[in-house]
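Let's look at how two protein chains sit against each other. Have the structure open while you read.

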Amino acid sequence: MNIHEFQAKDLMRQYGVPVPAGSVAHSVEQAEAVAEELGVNRFVVKAQIHAGGRGKGGGVKLAHTVEEVRTVTDEIIGRPLITAQTGPQGQFVRRVLIEQAVDIAREAYFGLVIDRTTQRITIIACDGGGVEIEETARHEPERILREPVDPAVGLLDFQCRKVATHLKISGKQLSPAVKMMKALYRCFRDNDAVLIEVNPLAVTLDGRLLALDAKMQFDDNAIYRRPHISNLRDFDEEDPKEVEAGAHGLNYIALEGNVGCIVNGAGLAMATMDAIALHDGQPANFLDVGGGASPEKVTNAFRIVLLDKNVKAVLVNIFAGINRCDWIAEGIVRAMRELKVTVPVVVRLAGTNVEQGRAVLAQSGLKFLTANNLDDAAAMAVRATSGAAHEHLHK
Amino acid sequence: MSIFINKSSRVVIQGLTGQHGSFHAEESMKIGTQVVAGVTPGKGGAQHLGVPLFDTLYEAVAKTGADVAGIFVPPPFAADAIMEAIDIGIRIIVVVADGIPVQDMVRVKRYSAGRDVVIVGPNTPGLITPNECKVGIMPAHIYKPGKIGVVSRSGTLNYEAVEQMADYKLGQSTCVGIGGDTVTGTDFLTVLRAFKDDPDTEAVVMIGEIGGSQEIEAAAWAKEHLGKPLVCFIAGITAPARRRMGHAGAVIAGPADTASAKMEQIEALGAHVVRNPSKIGEAVHRAVQ
């Protein structure tokens with residue numbers, strides 16, 4: 001789960017992480033009030049959307065007066081912002097963060113992740129702020145320091161000093177840097193985060209350390225024990241189809257193609273998309289119905305997949321282990337009747353109770369394209385999107 | 001022969017009386033798995049499926065000699081159950097639970113460091129040595145005894161590969177699901193090492209996904225040490241960047257995480273890379289000819 005920058009900064013502030021003075025505003029009037037309250041002569045106005053690349057997309061602007069804050073807020077808020085991560089339609093901006101602008105002497109990148117290699121919470125530090133960390137890791141790996149934290153003892157002072165030295169932070173700033181890193185670590189650990197990015201972490205001209213930007217992601221599997229984090233979820237930032245799928249226990253990700261996919265298991269769901277692409281088709285979505293899928297769950301899966309008007313055919317690919325093919329088949333039949341599905345439906349069933357499942361489909365009297373394996377299923381589904389498959393339809 | 005489990009394995013199920021634990025223990029008993037004990041705190045002294053129940057794993061092991069643990073408790077309680085099994089010295093632990101908080105697993109990994117234990121999962125279909133022993137949730141009837149070792153992150157792709165192998169009359173020595181999470185107990189490399197030492201495994205199928213580099217590290221080791229053909233598929237050629245594709249660990253964070261990049265590297269390391277998920281069985285057939 002992702003949260004907004006202003007929410008991440010609020011959370012960090014509670015742990016004693018220094019962040020710029022500022023507050024969120026939902027309207028031009030609120031922005032003006034925040035600016036007046038701040039009472040400074042330089043402001044930054046930042047669009048609050050989850051997607052990255054806001055600066056380059058024009059979502060971060062400077063202002064020198066309260067009047068200018070009004071003007072730039074009006075330019076940003078209440079319209080879509082297009083960045084490298086939003087897609088061409090952009091993401092609608094509902095709020096901005098107004099902060100005091102600071103004079104920056106130096107910038108650095110500071111991150112915390114769950115590192116796959118060390119399998120620990122690990123600091124990732126890079127001198128120079130605003131960097132594309134993945135790019136830097138590839139081209140200048142020596143600029144990046146990785147410091148894993150032993151969960152038995154937590155982040156230690158000497159580790160923070162090591163990281164600070166790598167970031168060329170020394171002298172008077174060393175001790176505050178240690179304090180800041182330990183605060184960020186506690187903020188990460190105590191909230192079941194999976195990512196913190198402070199990019200940039202700034203040293204100001206007057207010698208302070210500040211988290212100028214803040215990004216946090218949380219472990220979906222741990223949200224149940226972090227209700228204060230779950231309250232920060234912003235459904236406006238998510239695809240409504242994905243939100244609805246989640247409410248039904250389905251894992252759905254919208255894509256650009258026209259072959260709707262209903263599959264069990266994340267790996268098989270990805271492989272099904274890949275098989276469609278190998279037949280020169282394009283998947284409309286990723287969808288994992290999970291284990292123990294009831295007929296109702298399958299019906300919901302159809303409904304969500306068909307909300308996407310690009311879908312020209314649906315491919316159901318089930319390899320039942322913990323699932324039961326007969327339940328899946330009942331769900332398919334129910335969906336076809338209730339939703340009056342008009343696009344061709346290709347079904348491939350295998351595994352637990354497969355014969356019963358095929359019988360349910362055959363006895364329904366409905367029209368399906370049945371496939372015996374993954375390759376045939378993908379080929380039939382792609383053909384069906386062009387309407388060429390109708391000659392193969394059988395009762 | 002096989003790896004990790006065989007017909008002599010004595011299995012204890014933590015969470016035996018739960019819906020999943022109960023159903024899958026019974027299924028695994030049908031292929032001959034010796035389920036010798038169940039642990040459900042508060043139900044010690046009773047019986048379930050003809051098997052004695054205990055309040056603690058300590059008693060279960062002391063009284064029944066169990067040496068493999070299958071963990072079917074819900075995710076919030078799974079880490080505790082795993083550490084209980086590690087503490088008592090069980091060397092094969094299978095964690096089926098899907099949805100364990102990743103920081104819980106970070107602590108479990110720290111707890112298990114330096115100990116002689118293989119933790120399979122979490123979020124795994126489990127382990128199966130066909131017709132001998134199953135600790136997990138896979139449909140046992142599709143698995144046949146044979147000479148191919150299979151290891152995958154995904155459960156359903158494990159089934160898919162095994163079904164395709166049946167067309168070529170290829171059975172399996174042991175099949176392992178290492179799970180789709182970011183922090184998993186065992187990894188591809190550990191499983192490949194075990195397959196190397198198993199004289200009855202003639203070839204290994206490794207089924208990976210987008211995200212991370214453990215498939216590449218395993219393939220690099222295999223090039224020097226495995227001494228058997230390695231067939232590899234990586235799912236997610238069509239996966240978009242930055243999205244978690246169902247599995248917590250299946251996410252493209254950078255260029256090296258993509259399926260194409262991983263398959264290219266693995267191919268350069270000499271493995272038989274198959275790019276079509278429908279042709280895994282055929283690739284194994286060709287590799288062992």
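How much area do chain B and chain A bury between them? About 4,200 Å², with 59% of it on carbon and sulfur atoms. Buried area here is the accessible area (1.4 Å probe) that two parts lose on being put together, summed over both. Three residues, B:Q103, B:R110 and B:T238, supply 15% of what chain B buries against chain A, more than any other three.

Some ground rules: this is a predicted model, where local features need pLDDT of at least 70, side-chain atom pairs count only at pLDDT 80 or more, and totals for chains, interfaces and linings use all residues. Residues are numbered from 1 along each chain as its sequence is written, chains are lettered from A in the order in which they are written, and side-chain values use heavy atoms, leaving out hydrogens and water.

Now for who touches whom. Counting contacts (heavy atoms within 4.5 Å), 56 residues of chain B meet 51 residues of chain A. The interface also has 6 salt bridges, meaning a side-chain nitrogen of Lys or Arg within 4 Å of a carboxyl oxygen of Asp or Glu. One of them joins A:R348 to B:E163, with the closest N and O atoms 3.0 Å apart.

| Class | Residues of chain B |
|---|---|
| Nonpolar (Ala, Val, Leu, Ile, Met, Phe, Trp, Tyr, Cys, Pro) | 24 residues |
| Polar (the others, Gly among them) | 19 residues |

Finally, pick out B:M245: leaving aside neighbours within four places in sequence, its contacts include A:I253, A:M270, A:F286 and B:I210.
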